[in-house]
Amino acid sequence: MSWLERHQDPLTIQRVLHGASTIAIVGLSANELRASNFVGYYLTRHGYDVIPVNPRESEILGAVSYPSLLEVPAPVDIVNVFRVPDALPGIAREAVEIGAGALWCQFGVINEEGARIAEEGGVTVIMDRCLKVEHARYIGRMHWLGFNTGRITSVRSGLQ
């Protein structure tokens with residue numbers, strides 16, 4: 001098993017997803033066209049308490065945005081990272097300091113030092129995986145728009 005595969009274990013992913021209720025999204029954008037905004041919206045729709053962490057915004061998705069993890073006033077189950085890989089060591093240190101349960105690094109956010117810092121601090125690390133995609137995969141809400149329509153059919157309208 002490679003170093004990266006160790007941080008993509010399906011059982012760990014499921015445990016983290018099922019045990020979480022509060023998710024701080026570092027790098028959450030107020031721009032609705034950004035992936036971070038869509039993921040935050042999706043997670044809110046699925047019952048998670050989403051806490052934006054973005055020093056350039058005061059509010060995102062109807063919630064107060066904090067400049068750093070250290071200023072979040074509530075316990076955090078998952079720190080979801082939408083930042084460049086070089087920012088990960090600092091974010092990992094903050095995740096350890098606040099006692100986060102997991103550090104979840106989105107696609108392309110790969111940094112060995114950040115993973116080491118988090119793990120040494122007792123924080124579970126998931127890396128190079130999308131929280132929304134994994135939630136949809138394991139919680140059963142997979143749909144091309146990211147929402148469960150509640151309708152499954154093999155009937156294709158317009159076909160004779």
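# Reading helix packing and ring contacts

Analyst: In this predicted model, Lys132 lies over the face of Tyr42, at 4.7 Å from the ring centre. A charge sits over a ring if NZ of Lys or CZ of Arg is within 6 Å of the ring centre and within 35 degrees of the ring normal. Local features need pLDDT of at least 70, side-chain atom pairs count only at pLDDT 80 or more, and totals for chains, interfaces and linings use all residues. Residues are numbered from 1 along each chain as its sequence is written, and side-chain values use heavy atoms, leaving out hydrogens and water.

User: How are two packed helices described?

Analyst: The description uses the angle between their axes and the distance between the axes. Here helix 1 (residues 10-19) and helix 5 (residues 131-139) pack at about 90 degrees, with axes 10 Å apart. That makes helix 1 roughly perpendicular to helix 5 (65 to 115 degrees). Helices are DSSP runs of H or I with at least four residues, and strands are runs of E with at least two, numbered from the N terminus. Axes are lines fitted to C-alpha atoms, for helices over the stretch in contact, and angles run from 0 to 180 degrees between N-to-C directions.

User: Which residues make the contact?

Analyst: Helix 1 gives Pro10, Ile13, Gln14, Leu17 and His18, while helix 5 gives Leu131, Glu134, His135, Tyr138 and Ile139; contact means heavy atoms within 4.5 Å.

User: Is His18 buried or exposed?

Analyst: His18 counts as exposed, at 57% relative accessibility (exposed is over 50%, buried under 20%, partly exposed in between, with a 1.4 Å probe and protein chains only).

Conventions: Parallel < 35°, antiparallel > 145°, perpendicular 65-115°, else oblique.
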